[in-house]
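Here is a friendly briefing to read alongside your sequence and structure. Keep both open as you go through the points.

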Amino acid sequence: MSIAVYPGSFDPITNGHLDVIKRTAAIFDKVVIGILVNQNKKPLFSLEERTEMIRRVTADIPNIEVYPFSGLVVEFAKEHNVNVLIRGIRSTTDFEYELQMAQINHKIDGNIDTLFFATDPRYSFVSSSAVKELWSYRQDVREYVPEYVIQKLQEKESEK
């Protein structure tokens with residue numbers, strides 16, 4: 001069985017992330033989405049909220065599993081018996097960073113390889129950070145995130 005890990009913060013999940021997930025799911029028997037607990041970031045959505053969002057928006061993709069993790073992605077991959085990491089690339093800047101991370105991960109564990117997906121041009125400028133910033137200025141982000149994420153953004157706004 002071929003299995004890949006797609007790690008990220010997903011705060012929130014975007015249509016660009018979903019595009020990579022769907023393309024990965026078409027190639028691999030199983031895709032494990034790893035939601036990173038990054039101690040250096042203050043996420044808008046809790047780990048539980050991000051997990052629920054991803055499970056909800058990927059519910060129609062049968063070969064997806066979603067798990068939170070902290071620590072090194074290499075260790076998370078080993079826990080799931082995975083040796084392929086998936087990364088989306090929007091720009092040359094992304095590529096330079098992701099190439100360095102791929103090389104570090106491979107150095108830590110020589111069995112880990114990284115597969116890069118070029119982002120669909122429709123999403124090449126979309127990031128979770130951009131979505132959050134646009135939303136904070138009351139801009140319409142429906143083009144960039146699934147409808148369920150819009151609902152969750154509205155709920156966050158109501159909590160303030």
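This is a predicted model: local features need pLDDT of at least 70, side-chain atom pairs count only at pLDDT 80 or more; totals for chains, interfaces and linings use all residues.

Residues are numbered from 1 along each chain as its sequence is written, and side-chain values use heavy atoms, with hydrogens and water left out. Helices (H or I, at least four residues) and strands (E, at least two) are DSSP runs, numbered from the N terminus.

- Strand S1 covers residues 3-8, and six of its six residues are buried (buried means under 20% relative accessible area, exposed over 50% and partly exposed in between, with a 1.4 Å probe and protein chains only).
- Ile-3, Val-5 and Pro-7 point one way from S1, while Ala-4, Tyr-6 and Gly-8 point the other way.
- In a regular strand, side chains alternate between the two faces of the sheet.
- S1 pairs with strand S2 (residues 30-36) in the parallel sense over six bridges (pairing requires that DSSP finds at least two bridges between two strands).
- Val-5 has Val-32 in S2 as its bridge partner.
- Together with helix H1 (residues 15-27), S1 and S2 make a right-handed β-α-β unit; right-handed here means that, with the strands pointing away from the viewer, the path from the first strand over the helix to the second runs clockwise.

**Helices H2 and H6**

- The axes of H2 (residues 47-57) and H6 (residues 147-159) come within 10 Å and cross at roughly 155°; axes are lines fitted to C-alpha atoms, for helices over the stretch in contact, and angles run from 0 to 180 degrees between N-to-C directions.
- H2 and H6 are therefore roughly antiparallel to each other (angles under 35 degrees count as roughly parallel, over 145 as roughly antiparallel, 65 to 115 as roughly perpendicular and the rest as oblique).
- On the H2 side, Glu-49, Glu-52, Met-53, Arg-56 and Val-57 meet Tyr-148, Val-149, Lys-152 and Lys-156 of H6 (contact means heavy atoms within 4.5 Å).
- Buried residues of H2 are Glu-49, Arg-50, Thr-51, Met-53, Ile-54 and Val-57, and these pack against H1, S2, strand S3 (64-69) and H6.

**Backbone details in the loops**

- Pro-12 lies in the loop between S1 and H1, and the peptide bond from Asp-11 to Pro-12 is cis, with omega near 0°.
- Asn-81, in the loop between helix H3 (73-79) and strand S4 (84-89), has a positive phi of about 55° although it is not a glycine. Asn-81 is exposed, with a relative accessible area of 69%.
- Arg-138 sits in the loop between helix H5 (128-136) and H6. Arg-138 also is not a glycine, yet has a positive phi of about 60°, and it counts as exposed at 65% relative accessibility.

**Two residues and their contacts**

- Lys-30 is found in S2, and its C-alpha atom is separated by 6.6 Å from that of Ala-4, 26 residues apart along the chain.
- Leaving aside neighbours within four places in sequence, Lys-30 is in contact with Met-1, Ser-2, Ile-3, Ala-4, Asn-63 and Glu-65.
- Thr-119 lies in the loop between strand S5 (113-118) and H5, and Thr-119 is buried, with a relative accessible area of 14%.
- With neighbours within four places in sequence left aside, Thr-119 is in contact with Arg-23, Gly-88, Ile-89, Arg-90 and Ser-124.
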